[in-house]
Amino acid sequence: MRPMQQSIKILYYANKSEEPFVEIVSVKQQNKRRPSVCSSADSESDDLLPVLTDHSQILSEHHLEHLMNHIPARTQGYSWKLVYSTAEHGTSLTTLYRQMRELDRPVLMVIKDSDKQVFGAFSSDPFKVSSYCYGTGETFLYSFSPEFQVFRWSGENSYFVRGFLDSLQMGGGGGPFGLWLDSDLYRGSSYSCSTFCNRPLSLHHDFTVQDLEVWTFV
């Protein structure tokens, strides 16, 4: 959390029966988030939404309102920057990894499937190819299908994220993955897993990706 700014108020008192004196008072000012790029000037509720520095094919104010309250405190108050999108960069897991090669901060993946369901994952670490699982307990899965739900780390295991050249896996533990994507970012699947104790994120275990975006916080 960023420290609240302070201002100084100087009060001057004078009374016929007493000597005049000055009192200095520190006044805290409310630190407001910047308005959403989608907000209108006269909408107070929109002031709470994060700023998107790029256009999203998926995220609406409804999605932002829910997600902003569940990402870790260290990422709140920052603008959201688009790192990768299938609409802009094409459907390639290799390109997704390449876009994050110089990144050293958390990322938020947002998926819309062919059934128009929106779901995804927050990862404490940018996605990369690795011979081991990586991430921390900040990592979680979420879904808006049909109502918004967040599936946080259960503590059962630490199979948060693992990246291969031919797939990206999130969650596991002796069975299917909480979220799995193929090398073309076209086919995916979601099953209950021990890492997050989640339900399937989409309407069906297997889904087809319509749009996929990855955002970071700057």
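**Buried residues and a covered strand**

Colleague: Why does T75 count as buried?

Modeller: T75 has 3% relative accessibility. Buried means under 20% relative accessible area, exposed over 50%, and partly exposed in between, with a 1.4 Å probe and protein chains only. The value for T75 is 3%, so T75 counts as buried.

Colleague: On what kind of model does this rest?

Modeller: This is a predicted model, in which local features need pLDDT of at least 70, side-chain atom pairs count only at pLDDT 80 or more, and totals for chains, interfaces and linings use all residues. Residues are numbered from 1 along each chain as its sequence is written, and side-chain values use heavy atoms, with hydrogens and water left out.

Colleague: Where is T75, and which residues is T75 in contact with?

Modeller: T75 lies in the loop between α1 (61–67) and β3. Helices (H or I, at least four residues) and strands (E, at least two) are DSSP runs, numbered from the N terminus. Contact means heavy atoms within 4.5 Å. Beyond its neighbours within four places in sequence, T75 is in contact with P106, F122 and F217. The C-alpha atoms of T75 and T216 are separated by 8.8 Å, although these residues are 141 apart along the chain.

Colleague: What does the side chain of T75 reach?

Modeller: It reaches the backbone oxygen of P72 at 2.7 Å. A polar contact is a pair of N or O atoms within 3.5 Å; within protein, one must be able to donate a hydrogen and the other to accept it, and residues adjacent in sequence count only if both atoms are side-chain atoms. The side chain of S130 likewise reaches the backbone oxygen of Y132, at 2.9 Å.

Colleague: How do you know whether S130 is buried or exposed?

Modeller: S130 has a relative accessible area of 9%, and therefore S130 is buried. This residue belongs to the loop between β5 and β6 (140–143).

Colleague: What makes β5 largely enclosed?

Modeller: 6 of the 6 residues of β5 are buried, so the rest of the structure largely encloses this strand. Side chains in a regular strand alternate between the two faces of the sheet. In β5, V118, G120 and F122 are buried on one side, and F119, A121 and S123 are buried on the other.

Colleague: How do you know that β5 pairs with β4 and β6?

Modeller: Two strands pair if DSSP finds at least two bridges between them. There are 6 bridges from β4 to β5 and 4 from β5 to β6. Both counts meet the criterion, and each pair runs antiparallel. G120 stands opposite V110 and also opposite Y142 in β6.

Colleague: Why is a set of 29 residues called a nonpolar core?

Modeller: A nonpolar core is a set of buried Ala, Val, Leu, Ile, Met, Phe, Trp, Tyr and Cys residues joined through side-chain atoms within 4.5 Å. The largest such set has 29 residues, and L96, M109, F127, L179 and L212 have the most contacts inside it. Elements giving two or more residues to this core include β3 (80–85), β4 (107–113) and β5 (118–123), while the largest share, 4 residues, comes from β12. A second, separate core of 20 residues includes F122, F140, F148 and W215.

Colleague: What does L179 touch?

Modeller: Not counting residues up to four places away in sequence, L179 touches M109, I111, F119 and A121, among others.
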